[in-house]
Amino acid sequence: MMEGEGGSNKEEAGPSHGGPTWYEEDKRMEEEEEGDTEEDDHLQDSAAAAAAVDITTTFVPGPLLSLKDQIEKDQEDESLRRWKEKLLGCLESDLNGQMEPEVKFHSVGILSSDFGEINTPLPIKEEQSKSVLFTLREGSEYRLKLTFSVLHNIVSGLAYTNTVWKAGLQVDQSKGMLGTFAPQREPYIHMLEEETTPSGALARGTYTAKLKFVDDDKRCHLELNYSFEISKSR
């Protein structure tokens with residue numbers, strides 16, 4: 001009789017065989033909460049992505065204004081007017097309403113400790129581009145110097161690419177940003193970053209190169225083909 005009652009008490013105190021235990025129930029609830037969190041994160045990511053796509057597809061760049069319109073705009077703001085005059089200058093000859101900026105390159109120079117400075121007027125003739133424009137010694141440092149003018153309008157994001165080949169194979173390419181320039185009376189003078197020629201027997205010889213200048217609007221303002229030579233160091 002006592003054993004039957006004891007057995008009954010143990011069975012009532014133990015877990016029910018027909019449903020989940022307390023720790024199984026807690027685990028199930030945690031998994032459901034994690035699932036809800038992951039779903040919320042997914043919805044947030046989807047909403048952010050949709051917003052980014054919407055911003056990208058609905059962005060429309062402002063219209064290109066002539067230099068004359070830019071100077072005449074906001075005339076009632078005295079500080080802004082003076083700032084524009086300082087930035088853009090008073091180029092009466094350029095206030096012709098032309099929209100497209102023009103970059104006119106006057107010369108390209110090379111500066112080296114080997115020979116000082118050599119300047120070549122631009123544009124160069126086709127036969128001149130096939131002959132050696134300058135000679136550098138192996139392992140020497142040099143810089144390119146550009147002289148140019150900006151006409152008609154502000155040129156934005158003027159950048160360059162200099163690609164070099166030897167025996168028909170590309171051996172080097174450098175890129176850089178010159179910046180944004182407004183028309184002014186005096187030409188701009190800009191120095192490119194210093195570079196060092198390679199050394200060794202395989203580095204010596206004649207190279208062909210292409211120097212290209214493009215702005216933010218993908219206008220190509222100059223494409224210069226030239227040749228140079230790397231000689232043995234003394």
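1. Burial first: 29% of the 234 residues of the protein count as buried, where buried means under 20% relative accessible area, exposed means over 50%, and partly exposed covers what lies in between (1.4 Å probe, protein chains only). The accessible surface of the protein comes to about 15900 Å², with 52% of that belonging to carbon and sulfur atoms; these areas come from the Shrake-Rupley method with a 1.4 Å probe, and for residues only the protein chains shown count as cover.

2. A word on the basis. This is a predicted model, in which local features need pLDDT of at least 70 and side-chain atom pairs count only at pLDDT 80 or more, while totals for chains, interfaces and linings use all residues. Residues are numbered from 1 along each chain as its sequence is written, and side-chain values use heavy atoms, with hydrogens and water left out.

3. On to the make-up. The protein has five helices and 10 strands; both are DSSP runs numbered from the N terminus, helices being H or I of at least four residues and strands E of at least two. Of the contacts in the protein with a separation of 6 or more, 70% are accounted for by residues 24 or more positions apart (contact means heavy atoms within 4.5 Å).

4. Now the sheet. Five strands make an open sheet with mixed pairing, in the order β3-β10-β9-β5-β6; two strands pair if DSSP finds at least two bridges between them. At the edges sit β3 (132-137) and β6 (169-181), each pairing on one side only. From one strand to the next the twist averages 25 degrees, taken between axes that are lines fitted to C-alpha atoms (for helices over the stretch in contact), with angles running from 0 to 180 degrees between N-to-C directions. β3 and β10 pair in the parallel sense over five bridges, and R137 stands opposite S231 in β10.

5. β1 (residues 102-112) and β2 (residues 116-121) run antiparallel and are joined by six bridges. The hairpin between β1 and β2 goes through three residues. I110 has I118 in β2 as its bridge partner.

6. Aromatics next. A search of the whole structure turns up nine aromatic pairs. Rings of Phe, Tyr and Trp (its six-membered ring) pair if their centres lie within 6.5 Å; planes under 30 degrees apart count as stacked, over 60 as edge-to-face and the rest as tilted. One of the pairs is F105 with F148, tilted, at 5.4 Å centre to centre and 45 degrees between the planes. F105 is in strand β1 and F148 in strand β4 (residues 141-151), so the pair ties together parts 43 residues apart in sequence. Both F105 and F148 are buried. Ring pairs also link F105, F148, F181, Y188 and F213 into a cluster.

7. Compare Y207 and F228: their ring centres are 5.2 Å apart and their planes at 5 degrees, so this pair is stacked. Y207 is buried at a relative accessible area of 6%, and F228 counts as buried at 7% relative accessibility.

8. Last, N162, found in strand β5 (residues 155-166). N162 counts as buried at 6% relative accessibility. The N162 side chain makes a polar contact with the side chain of Y226 (3.0 Å); a polar contact is a pair of N or O atoms within 3.5 Å, where within protein one must be able to donate a hydrogen and the other to accept it, and residues adjacent in sequence count only if both atoms are side-chain atoms. Leaving aside neighbours within four places in sequence, N162 is in contact with residues including L144, D172, A209 and Y226.
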